[in-house]
Amino acid sequence: MKIEEVISFLESFAHPSLQEHYDNSGLITGDGGWECKGIICSLDATEDVIKEAIEKKYNLVIAHHPIIFGGLKKINGKNYVGKTIIRAIKNDIAIYAIHTNLDNVIEGVNGRMAKMLDLQNLSILAPRQNTLKKFFTFVPADKAEQVRNAIFAAGGGHIGNYSECSFNAEGEGTFKALAGTHPYVGQPGKRHSEKELKIEVILPSHLENKIVAAVRTVHPYEEVAYDIVDLSNLNLRVGSGVIGVLPRAMGETEFLGQLKKVFQLQVVRHTSLSGKPIQKVALCGGAGSFLISSALTARADVFVTADIKYHEFFDANDNLLIADIGHYESEQFTISLLQEILEQKFPTFAVLKTAVRTNPVWYS
Ligand SMILES: [Zn+2]
């Protein structure tokens, strides 16, 4: 199996176009054309993780955090980034990062945190705009089903927990085939009227080319008529943070205890306890202070995240319990998530979780 096959599967799960503008997800070192000898999943691609891959004779490290993130101007081995990159390149190790694109899909980093807390009725806390399009095509009625099937198989027509969503309106199309054409119906040189169906479906923007290609393959016309329109709808399956409810309400102290148990924490930094029960839980793995206002608007009882600064705790305005559980701790289950989805797709392939504790923060 080629490394690019692994990448293309990961990108069908969390497409790179869903990453934030400042991010650097994707293949950072190595070549997609290489034969994949084994995969190590990690939160960080540190030098120790690269050494681990070399020892195991694996050549693909999949990390959540991109090892090259800001501008990199020198690679001389004087800092951890340079050392890691040099060791990876010298040993033909590919490093692939799946960062904010994995944060931004509901089954990703935050969905896994929610699963660990047994949250129900999950939705995205701050859904994204401008990631959806509408696709229309016009097809003779007897071929409508095969065109719809092709669109659905290519990933079009998902709305929330519904798939195969389309709207179909009957109408009449006209065309005149010109010289050199081979029309499916009608005769060259004469205007033809045909009973057609207008099929419309919603699709994630990154699937546009795939869906157009799929329709072209099965549509009977030589010239396929279609329109694609940008939508400003919120995409409820893509965006930052998630929110859900606990199966039963619990006291604040009990909930903090639950956090400590599930995420194996030595410490939780949090705002003052108000005595209100906790049931609605917002969360965001990693640095989530940008979502405090969204958690307040959504009337969450608690916001579980990391990297909250002193002044940001004040932003709770006594209306929200903010729980900072640590960056690594909040995202640690991403490693199992990556391993599980890869093992499911490639069951006979060697996929390991790193044995290296990459967390740079210690508590004493
Ligand atoms: Zn992170």
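Colleague: Which residue in S14 is the bridge partner of Arg-269, and what makes S11 and S14 a pair?
Modeller: The bridge partner of Arg-269 in S14 is Asp-324. Strands, which are DSSP runs of E with at least two residues, numbered from the N terminus like the helices (H or I, at least four), pair if DSSP finds at least two bridges between them. Strand S11 (residues 269-270) and S14 have two bridges, in the antiparallel sense, so they are called a pair. This is a predicted model, in which local features need pLDDT of at least 70 and side-chain atom pairs count only at pLDDT 80 or more, whereas totals for chains, interfaces and linings use all residues. Residues are numbered from 1 along each chain as its sequence is written, and side-chain values use heavy atoms, with hydrogens and water left out.

Colleague: Why are both faces of strand S14 called covered?
Modeller: Leu-321 and Ala-323 on one side, and Ile-322 and Asp-324 on the other, are all buried, a term that requires under 20% relative accessible area with a 1.4 Å probe, counting protein chains only (exposed is over 50%, partly exposed in between). In a regular strand the side chains alternate between the two faces of the sheet.

Colleague: Why do S7 and S9 stand at the edges?
Modeller: Four strands form an open antiparallel sheet in the order S7-S8-S6-S9. Strand S7 (167-176) and strand S9 (226-231) each have a single partner strand, so one side of each lacks a neighbour in the sheet. Neighbouring strands here are turned by 30° against each other on average, direction ignored.

Colleague: How do you know that S6 and S8 pair?
Modeller: Strand S6 (residues 132-140) and strand S8 (residues 191-204) share nine antiparallel bridges, and Lys-134 has Ile-202 in S8 as its bridge partner.

Colleague: What makes helix H7 pack on the sheet?
Modeller: Helix H7 (residues 208-218) touches S6, S8 and S9, where contact means heavy atoms within 4.5 Å. The direction of H7 makes about 5° with that of S6, as an angle from 0 to 180 degrees between N-to-C directions of axes fitted to C-alpha atoms, for helices over the stretch in contact.

Colleague: Which residues does Leu-10 touch?
Modeller: Not counting residues up to four places away in sequence, Leu-10 touches Ile-62, Tyr-96, Ile-98, Leu-338, Ile-341 and Leu-342.
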